Each structure stands twice: as C-alpha cells, then as structure tokens.
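Here is a briefing on pockets and helices. Please look over the sequence and model before reading on.

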Amino acid sequence: MKEFNTSGPNIQEQHYTIFRKDLIDKGVRLVEKSKYFTIWAPRQTGKSTYFRQLANELETRNYKVTHVNLENYQTSTVISLFDYLLREIKENWNIKFKCKTFENL
C-alpha cells in the first residue's frame, strides 16, 4: 500500500507520486537545446523527484545521466569535490579518467 512521503527520496512504488509530464517535456526541450536551468522551491515540494523523473526520461532518449549531490561539499576542497565527481562518473558511466585536476580534463 502506498503512503505519503515526508522525508528522503520519493520512491514511486512506495509513495504517492505526481508525474508532471508537461514539466518533464519542458526539461527535455531545455536539455536538447543545451540550456542550463534550476528549480527553486521550498523543501519537500518535489524538486529532487522531478529531476529523477527527468533523468529517467532522458535516459530513454540515450542521454547519460547521473545524480550528484554537492550539498556536503560546500566547504570542501576542490580536490575532494573532484574525487567525488570522478567516482560518480566511473560508477554510473563506467568511465575512468586519468587526470588529477579539472585543468587536465
């Protein structure tokens, strides 16, 4: 039985979820035009759920997508952020870079 989710990631199989097709389609159009965009809204309003749904849609269109959370890296060093991004890329896309800094990419 599904329930309302009040914390953590929304899991469609477990939680009531609104699929906003028009907003997903708008996001796809922006990505296809190589446009950057953000969504600003209060906590617990579906931002992360939206981006996960958009990622799923983009993957069906042969885009490579990964989810990274930079929240814990606000006060970290550049090298620790770089290491985190490289780990995520390797884990999600099976791509291993042989560089040590952003400048070498």
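**Pockets and helices**

The lining of the second largest pocket divides into five nonpolar, no polar and five charged residues. Here Ala, Val, Leu, Ile, Met, Phe, Trp, Tyr, Cys and Pro count as nonpolar, Asp, Glu, Lys and Arg as charged, and the others, Gly among them, as polar. This is a predicted model, in which local features need pLDDT of at least 70, side-chain atom pairs count only at pLDDT 80 or more, and totals for chains, interfaces and linings use all residues. Residues are numbered from 1 along each chain as its sequence is written, and side-chain values use heavy atoms, with hydrogens and water left out.

**Second largest pocket**

- A pocket is found on a 1 Å grid over the protein atoms alone, as an open set of points where a 1.4 Å probe fits, with protein on both sides within 12 Å along at least five of seven lines; lining residues have an atom within 4 Å of a point.
- The second largest pocket holds about 170 Å³ of space. Volume is the space filled by probe spheres set on the points, and grid points are joined across faces, edges and corners.
- Its lining consists of Phe82, Asp83, Leu86, Arg87, Lys90, Ile95, Lys96, Phe97, Cys99 and Lys100.

**Largest pocket**

- The largest pocket holds about 1800 Å³.
- Its lining counts 42 residues. Nearest the centre lie Lys47, Ser48, Thr49, Phe51 and Arg52.
- By class, that lining has 19 nonpolar, 15 polar and eight charged residues.
- Helices H1 (21-32) and H2 (47-60) each supply at least two lining residues. H2 gives the most, with twelve.
- Helices are DSSP runs (H or I, at least four residues), numbered from the N terminus.

**Helix H1**

- H1 has twelve residues and reaches 16 Å from first C-alpha to last, close to the 16 Å expected at 1.5 Å a residue. The expected span is 1.5 Å times one less than the number of residues.
- Ile24, Gly27 and Val28 are the buried residues of H1. Seen down the axis of H1, they fall within an arc of 100°, so they line one face of the helix. The arc is that of the directions from the helix axis to the C-beta atoms.
- Buried means under 20% relative accessible area, exposed over 50%, and partly exposed in between (1.4 Å probe, protein chains only).
- The cover over these buried residues includes H2. Cover is judged by contact, meaning heavy atoms within 4.5 Å.
- Just after H1, Ser34 has a positive phi of about 60°.

**Helix H2**

- H2 has 14 residues and spans 20 Å between its first and last C-alpha, close to the 20 Å expected.
- Its buried residues are Thr49, Tyr50, Gln53, Leu54, Ala55 and Leu58. H1 is part of what covers them.
- Asn62 follows H2 with a positive phi, near 70°.

- H3 (residues 78-93) has 16 residues, which should span 22 Å; its end C-alpha atoms are 22 Å apart, which agrees.
- Phe82, Tyr84, Leu86, Glu88 and Ile89 are buried in H3.
- Val68 lies in the loop between H2 and H3. At 30% relative accessibility, Val68 counts as partly exposed.
- Leaving aside neighbours within four places in sequence, Val68 contacts Tyr84, Leu85 and Glu88.
- Val68 and Leu85 are 17 residues apart in sequence and 7.6 Å apart in space, C-alpha to C-alpha.
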